Amino acid sequence: MNEERRLFNQQALLLGVMGDPIKHSKSPIMHSAALRETGLEGSYVPLHIVPDQLEEAISAIRTLGFRGVNVTVPHKVKVMEFLDEVDEGAKAIGAVNTIVNDNGRLIGYNTDGIGYLRSLKEEAVSEIKGRRIVVIGAGGAARGIIHALLAERPESVVIANRTVGSAERLCAEWNNLGQLIACGIHEVDSHLASSDIIINTTSVGMSPNIDEVPISPELLPEGAVVSDLIYNPLRTKLLQEAEQRGCRIHSGLGMFIYQGAYAFEYWTGQPAPIAAMRQAVIEVL
Ligand code: ATR
């Protein structure tokens, strides 16, 4: 093996994303652009892992010498039991989306919530403190976001969910972190008029069901920020309706980019080339 080849093998970063399904993931495109832009040797590959192969696949991260992987639906919760260590934030959220292989030691992080918060603050509201927030949904995505939001000390967070029991359980679990109020999705109307930020964390409105909205948009208050975690389509029906009512709108693209950027920084120790990552994703949307 010549010297150049040897160096390549030593330094090439092996990265990927595990999920089921995985073929629609835009992460390979985004991270490949990041590797190209930073000039790092390496590859980021989609890995189709079905649930009963997850433990083996995680163990193979060490065997194959992957520096890290992202983990997506449906593995974000289950994967935690196969790791050597889970970061405090990810533990509280109860889900991992990023794994770092630190010389054979696998450490799990959650970059979804902090990625969302960074995007919201940069693109829509600079100050979360004192704001009244309504979150629609109480699943895994909502947990990451609510956890990150509570650290900014909003005045209140209403969690409106189709299954009210899940919203109530989440409020009870985190009632020491801030003022949390649970309600059913059909009871959300009474909270909308006084809210500053309304966030959809459900998949309602995602392609191909682009004509659906999670709440009736008539009561969205003018001037509020309406944010949707969905980035396909970039402007969901909820965001279109919100814009027509004089709301500021915020799409899920920034969250997707920043959760990836934080992961990239964990793996490489280098600042992520955010503009190149965003451009690569926009081109394929
Ligand atoms: P994710 O990780 O994307 O949050 P999840 O944990 O399965 O996925 O949570 C999905 C969330 O979207 C839940 O809050 C779910 O409501 P339920 O708890 O009642 O299931 C919500 N959701 C999904 N489809 C919905 C729909 N058609 N209408 C309203 N809420 C919906």
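Predicted model: local features only at pLDDT ≥ 70, side-chain atom pairs only at ≥ 80, totals over all residues.
Strand 11 (residues 225-228) and strand 12 are joined in the parallel sense through three bridges, where strands count as paired if DSSP finds at least two bridges between them. Helices (H or I, at least four residues) and strands (E, at least two) are DSSP runs, numbered from the N terminus. Residues are numbered from 1 along each chain as its sequence is written, and side-chain values use heavy atoms, with hydrogens and water left out.

Within the pair that opens this account, Val225 has Arg248 of strand 12 as its bridge partner. Both strands belong to an open sheet of six strands with parallel pairing and the order 9-8-7-10-11-12. Its edges are strand 9 (180-184) and strand 12 (248-250), each of which pairs on one side only. On average, neighbouring strands in this sheet are turned by 20 degrees against each other, direction ignored. Helix 5 (residues 112-123) packs on the sheet and touches strand 10 (197-200), strand 11 and strand 12, its direction making about 150 degrees with that of strand 12. Contact here means heavy atoms within 4.5 Å, and angles run from 0 to 180 degrees between N-to-C directions, with axes fitted as lines to C-alpha atoms, for helices over the stretch in contact. Helix 6 (residues 140-150) lies across strand 7 (132-136), strand 8 (156-161), strand 9 and strand 10, and runs at about 170 degrees to strand 7.

Strand 1 (residues 13-19) and strand 3 (residues 68-71) run parallel and are joined by four bridges; Gly16 stands opposite Val69 in strand 3.

Helix 11 can be followed through its contacts with helix 10 and helix 2. The axes of helix 10 (residues 253-268) and helix 11 (residues 274-284) come within 10 Å and cross at roughly 130 degrees. That makes helix 10 oblique to helix 11 (under 35 degrees counts as roughly parallel, over 145 as roughly antiparallel, 65 to 115 as roughly perpendicular and the rest as oblique). Residues of helix 10, including Leu253, Phe256 and Ile257, meet residues of helix 11, among them Ile274, Met277 and Arg278. By class, this contact of helix 10 with helix 11 has nine nonpolar, two polar and one charged residues (Ala, Val, Leu, Ile, Met, Phe, Trp, Tyr, Cys and Pro count as nonpolar, Asp, Glu, Lys and Arg as charged, and the others, Gly among them, as polar).

For helix 2 (residues 27-38) and helix 11, the axes come within 8 Å and cross at roughly 140 degrees. Helix 2 and helix 11 are therefore oblique to each other. The contact involves residues of helix 2, including Ile29, Met30 and Glu37, and residues of helix 11, including Ala276, Ala280 and Val284.
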